[in-house]
Amino acid sequence: MNRSKTLVVGLGNPILGDDGVGWRVAEAVQTAVPHAKVEFLALGGLSLMERLIGYDRVIIIDSIQTQNGRVGDVTTFPLQALPDLSAGHTTAVHDTSIQIAIALGRKMRAQLPDDITIVGIEAARVYDFSDELTAEVAAAVPQAVTAVLELLQIAPEIRCLSTP
C-alpha cells in the first residue's frame, strides 16, 4: 500500500436506499484491508472537510446521479472534476459543497490533502427509506471495491469475493 497517510471515506446514508452504497463499499474495503483507515460518514460539506484534516490522500466513495450515467456505473475521478452544484446558489454553511468547504479549510490553514479521489457509483433511488440497494447498484459494489483497492495499490489477489 502507498505509504502516504490515506483515508477511505464511505459517504452516504445506509437507510436511504442506493445512498448507502458508499458505506457498503467502504465496509468491503475494510474487510479486505483491515489495516486501512476507513471512516463512515453521512454528511458532506464542513463535516467531511474536518475529517480530511491531516491526511495526504483521501478516497471518497459515494453514490452519484448524473445526466448520462447508467445505474450501476462506477466512475473514478479527482475531486476537481466534480461539479460544484452549489455554485451560483445560496446555501447555508451546514450544507455547503465539499469544494467550498475545502477552500474555506485551506483559507483557515487546515492541513488538507491535495489528492482527493471520488469513486462514484451511479444510483437510482437515494431518497427511499430502505437499507437495501437496487439490484444494479448492489451488483456494482465489487467493481467499486476493486477501484478503491487499485487506488490503494493493493495487490490484485486481494479482492472482495461477495457482495455485502
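Residues are numbered from 1 along each chain as its sequence is written, and side-chain values use heavy atoms, with hydrogens and water left out. Because the model is predicted, local features need pLDDT of at least 70 and side-chain atom pairs count only at pLDDT 80 or more, while totals for chains, interfaces and linings use all residues.

The protein chain holds four helices and five strands. Here helices (H or I, at least four residues) and strands (E, at least two) are DSSP runs, numbered from the N terminus. From the N terminus on, the order of elements is β-α-β-α-β-β-α-β-α. The chain has 164 residues, and 46% of them count as buried. Buried means under 20% relative accessible area, exposed means over 50%, and partly exposed lies in between (1.4 Å probe, protein chains only). Contact means heavy atoms within 4.5 Å. Among contacts between residues at least 6 apart in sequence, 79% join residues at least 24 apart.

Two helix pairs were examined. Axes are lines fitted to C-alpha atoms, for helices over the stretch in contact, and angles run from 0 to 180 degrees between N-to-C directions. Angles under 35 degrees count as roughly parallel, over 145 as roughly antiparallel, 65 to 115 as roughly perpendicular and the rest as oblique. A crossing is left-handed if the near helix is turned anticlockwise from the far one by less than a right angle, and right-handed if clockwise.

Helix α1 spans residues 21–32 and helix α4 spans residues 135–151. Their axes come within 9 Å and cross at roughly 50°. The two helices are therefore oblique to each other. The crossing of α1 and α4 is right-handed. On the α1 side, V21, R24, V25, A28, V29 and A32 take part in the contact. Their partners in α4 are V137, V141, A144, V145, V148 and L149. The residues of this contact of α1 with α4 comprise 11 nonpolar, no polar and one charged. In this scheme, Ala, Val, Leu, Ile, Met, Phe, Trp, Tyr, Cys and Pro count as nonpolar, Asp, Glu, Lys and Arg as charged, and the others, Gly among them, as polar.

The second pair is α2 and α3. Helix α2 covers residues 45–52, and α3 covers 98–107. The axes of α2 and α3 lie 8 Å apart, at an angle of about 50°. That angle makes α2 oblique to α3. The crossing of α2 and α3 is right-handed. G45, L46, L48, M49 and L52 of α2 meet I98, A101, I102, L104 and G105 of α3. The residues of the contact of α2 with α3 divide into eight nonpolar, two polar and no charged.

Charged side chains were considered next. Side chains of opposite charge can pair when their charged atoms come close. A salt bridge is a side-chain nitrogen of Lys or Arg within 4 Å of a carboxyl oxygen of Asp or Glu. A search of the whole structure finds six salt bridges. One of them joins K37 to E39, at 3.5 Å from N to O. K37 is partly exposed, at 37% relative accessibility, whereas E39 is buried, at 15%. K37, E39 and R51 are linked in a network of salt bridges. Another bridge joins R70 and D73, at 3.5 Å from N to O. R70 is exposed, at 61%, and D73 is partly exposed, at 25%. R106 and D114 also form a salt bridge, at 3.3 Å from N to O. R106 is partly exposed, with a relative accessible area of 37%, while D114 is exposed, at 64%.

P78 belongs to strand β4, residues 74–78. P78 is partly exposed, with a relative accessible area of 43%. P78 and I116 are 38 residues apart in sequence, and their C-alpha atoms are 6.0 Å apart in space. Leaving aside residues up to four places away in sequence, P78 touches I116 and T117. T66 sits in the loop between β3 (57–64) and β4. T66 is partly exposed, at 44%. R109 lies in the loop between α3 and β5 (115–122). R109 is exposed, with a relative accessible area of 76%. Phi of R109 is near 65°, a positive value in a residue other than glycine.
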